[in-house]
Amino acid sequence: MIVLKDTQAKLLGALQAVCGIVERRHTLPVLANVLIRKSGPSIALTTSDLDIEVGHAVELGGDAGEFATTVSARKLIDILKAMPPDQIVTLTAEPGRLRLQGGRSRFTLHTLPAEQFPLVARAPHATTLRLPQHVLKSLVDQVSFAMAAHDIRYFLNGVLFNTDGRLVRLVATDGNRLALAEATVDAELPAQQVILPRKAVHELQRHLLDDQGDGSAGVEIRLAPAQASFELNGISFITKLIEGRYPDFNRAIPKANPHAVTLGRAALLECLQRASLMTSDKFRGIRLSLAPGALRIVSSNAEREEADEDIDVDYGGAPLEIGFNVTYLTEVLGETDAEMVTMALQDAASAVLFTFPERSDFKYVVSPMRL
């Protein structure tokens, strides 16, 4: 049976859409495979790591009929990458294997039964909402860099997805910094919050498009107590959620900030990037000294090398000196194209609130660093 017959480019694109979650090492051999389920001319491709499942349906020709099997995702992709994009590729089913042919090249691949492939069980009840893709992409991009990576507080290794009334909020924190982005939607939403795992957040970023058109390219989102699903661009994306209570993000945002200064974002970012050249991989600390009319940025390292630079600012308050991990500042300043940024704080020992005057829907909080 000819399972599919189409160009290398079309088949490779369909496979790459679902194979981002496939890991090289697995406890179950079948998890290294992609599930290929054929129904007439339509092919459904599915991958899973037991926590996340990604599916994509595409028409790829071939014989009529029903067929299902699993085959190594990486091997199939590597073979296709070695072929020219306009090459016609044929995948033929044989007992216990698939034969792939493109031009004068032929490959035989071992398969595992489709019945062994573990599909994620769908949650029966969920809250449904729809967002334009560019809105969700903007929210995810604004906060994802602030997620923890391997924190023992497992609930920090992801992004909080919060709905309340007409607001959709995404929050990420690693305990030292916090990023909050929000957007207004047309529908009234119930108060609900779920925690998307770090891997699921990065996979979602991979599929979201920065669509600024008529808004027809939307994302249908279903949120359940233990599961979230996203439908976009022909992709079905399901993920288990992190269980746990997320920190109260409202309490982490400082309210009383008598000392504030607004300056050019690009100028501050460039200055911080220059100062970071004198820091080390192990110690990324820099010192910001705020005085009337000037902001001084100072960095040094164990070899007693030092960098300092002054920026003119409109500030008339009391002098302040505060330390930061420079990466925490350059990452947030590099994630936006806003012209101006405002730094507001209570004192040298308090967390600093970063906002952008032309963007009231984003807040960023950084804890100070002892130098």
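Thr342 has a relative accessibility of 13%, so it counts as buried, the cut-off being under 20%. That residue is a handy way into this protein chain, which is a predicted model. Overall, the chain carries seven helices and 22 strands, and its C-alpha trace spans about 80 × 50 × 40 Å along the principal axes.

**Around Thr342**

- You'll find Thr342 in strand β20, which covers residues 340-345.
- Its side chain makes a polar contact of 2.7 Å with the side chain of Thr262.
- Setting aside neighbours within four places in sequence, Thr342 is in contact with Ala260, Val261 and Thr262 on one stretch of numbering, and with Leu353, Phe354, Thr355 and Pro357 on another.

**Around Thr92**

- Thr92 belongs to strand β6, residues 88-94.
- With a relative accessible area of 23%, Thr92 is partly exposed, because that value falls between the 20% and 50% cut-offs.
- If you skip residues up to four places away in sequence, Thr92 touches Met1, Ile2 and Val3, along with Arg97, Leu98 and Arg99.
- Thr92 and Asp347 sit 255 residues apart in sequence, and their C-alpha atoms are 69 Å apart in space.

**Aromatic rings**

- The structure holds six aromatic pairs.
- Take Tyr154 and Phe155: their ring centres are 5.6 Å apart and their planes meet at 75 degrees, so this pair is edge-to-face.
- Tyr154 itself counts as partly exposed, at 47% relative accessibility.
- Ring pairs also tie Phe145, Phe324, Phe354 and Tyr364 into a cluster. Phe354 has turned up already, as one of the contacts of Thr342.

**Whole-chain numbers**

- Of the 371 residues in the protein chain, 50% are buried.
- Looking at contacts with a separation of 6 or more, 68% come from residues 24 or more positions apart.
- The chain exposes about 18000 Å², and carbon and sulfur atoms supply 49% of that area.

Definitions and conventions: Residues are numbered from 1 along each chain as its sequence is written. This is a predicted model: local features need pLDDT of at least 70, side-chain atom pairs count only at pLDDT 80 or more; totals for chains, interfaces and linings use all residues. Side-chain values use heavy atoms; hydrogens and water are left out. Helices (H or I, at least four residues) and strands (E, at least two) are DSSP runs, numbered from the N terminus. Buried means under 20% relative accessible area, exposed over 50%, partly exposed in between (1.4 Å probe, protein chains only). Contact means heavy atoms within 4.5 Å. Accessible areas come from the Shrake-Rupley method with a 1.4 Å probe; for residues, only the protein chains shown count as cover. A polar contact is a pair of N or O atoms within 3.5 Å; within protein, one must be able to donate a hydrogen and the other to accept it, and residues adjacent in sequence count only if both atoms are side-chain atoms. Rings of Phe, Tyr and Trp (its six-membered ring) pair if their centres lie within 6.5 Å; planes under 30 degrees apart count as stacked, over 60 as edge-to-face and the rest as tilted.
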